[in-house]
Amino acid sequence: MRLVILDNYDLASEWAAKYICNRIIQFRPGQDRYFTLGLPTGLPRNHPESYHSYMWNNFFKHIDIDPNNAHILDGNATDLQAECESFEKKIKEAGGIDLFVGGIGPDGHIAFNEPGSSLVSRTRLKTLAMDTILANAKYFDGDLSKVPTMALTVGVGTVMDAREVMILITGAHKAFALYKAIEEGVNHMWTVSAFQQHPRTIFVCDEDATLELRVKTVKYFKGLMHVHNKLVDPLYSMKEGN
């Protein structure tokens, strides 16, 4: 497990972006290899706060990607169970997830795997915790009645099957979750802690997110930054990525 600590949010974001860029070059992306987290149910795809709209407006429309290679769970599918099973099948047919990138909530949930979720769970329909609903209310003018109460999400087990996992954690409000993720044991009430057992996990955080960690933990991982920074030395071509 790696813990990469940067001074602030912007530097943490920049480090993560450079790392992902290098991994894309090394991966040699092709058809059917692009997967994203999930889409809250009950919202049409063209709704401004749907996950589909968010991903297209903030990422996909800014890069060179064939829309057929962007796979987003359809929260308005007629048969949600079949949609989840189909998503798992597509991941398997594509050869699995090479790099999973995600964030966490203050309660340590990864994707929409709320506290208490099974650590071997697969893509499924999940009821959202009130804390998650409250956190998302800001995207719906503070009106809780408009916030989805359920969501489709990849499971913890689905993410654990990825060859590599990157988790971004920033802000003091997520410091306790980071503490639970790396300094205490695996616990299904803090689903992010499952990645202690993944062979290739990178936690990328800012200083504020380390406030609950032991001083010696922070010092240890900061002492490895000369190694971690080599991971983001720029690769300019597919050939360099070999």
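**Reading salt bridges**

Mentor: Let's start with a pair you can find in the view: the side chains of Glu 14 and Lys 18 meet in a salt bridge, at 3.1 Å from N to O. A salt bridge is a side-chain nitrogen of Lys or Arg within 4 Å of a carboxyl oxygen of Asp or Glu. This is a predicted model, where local features need pLDDT of at least 70, side-chain atom pairs count only at pLDDT 80 or more, and totals for chains, interfaces and linings use all residues. Residues are numbered from 1 along each chain as its sequence is written, and side-chain values use heavy atoms, with hydrogens and water left out.

Trainee: Where do Glu 14 and Lys 18 lie?

Mentor: Both belong to helix H1, residues 9-27. Helices (H or I, at least four residues) and strands (E, at least two) are DSSP runs, numbered from the N terminus. Glu 14 and Lys 18 are four residues apart, which is about one turn of the helix.

Trainee: What do the side chains of Arg 122 and Asp 161 form?

Mentor: Arg 122 and Asp 161 meet in a salt bridge too, at 2.9 Å from N to O. Arg 122 sits in the loop between strand S2 (99-103) and strand S3 (124-127), while Asp 161 sits in the loop between helix H5 (156-160) and strand S5 (164-169), so this pair ties together parts that are 39 residues apart in sequence.

Trainee: How accessible are Arg 122 and Asp 161?

Mentor: Arg 122 counts as partly exposed, at 34% relative accessibility. Asp 161, with a relative accessible area of 52%, is exposed.

Trainee: Which salt bridge has a buried residue, Lys 180?

Mentor: Look at Glu 184 and Lys 180, whose side chains meet at 2.8 Å from N to O. Lys 180 counts as buried, with 16% relative accessibility, whereas Glu 184 is partly exposed, with 30%.

Trainee: Which residues are linked in a network of salt bridges?

Mentor: Arg 23, Asp 98, Arg 163, Glu 164 and Arg 200 are linked that way.

Key
Buried means under 20% relative accessible area, exposed over 50%, partly exposed in between (1.4 Å probe, protein chains only).
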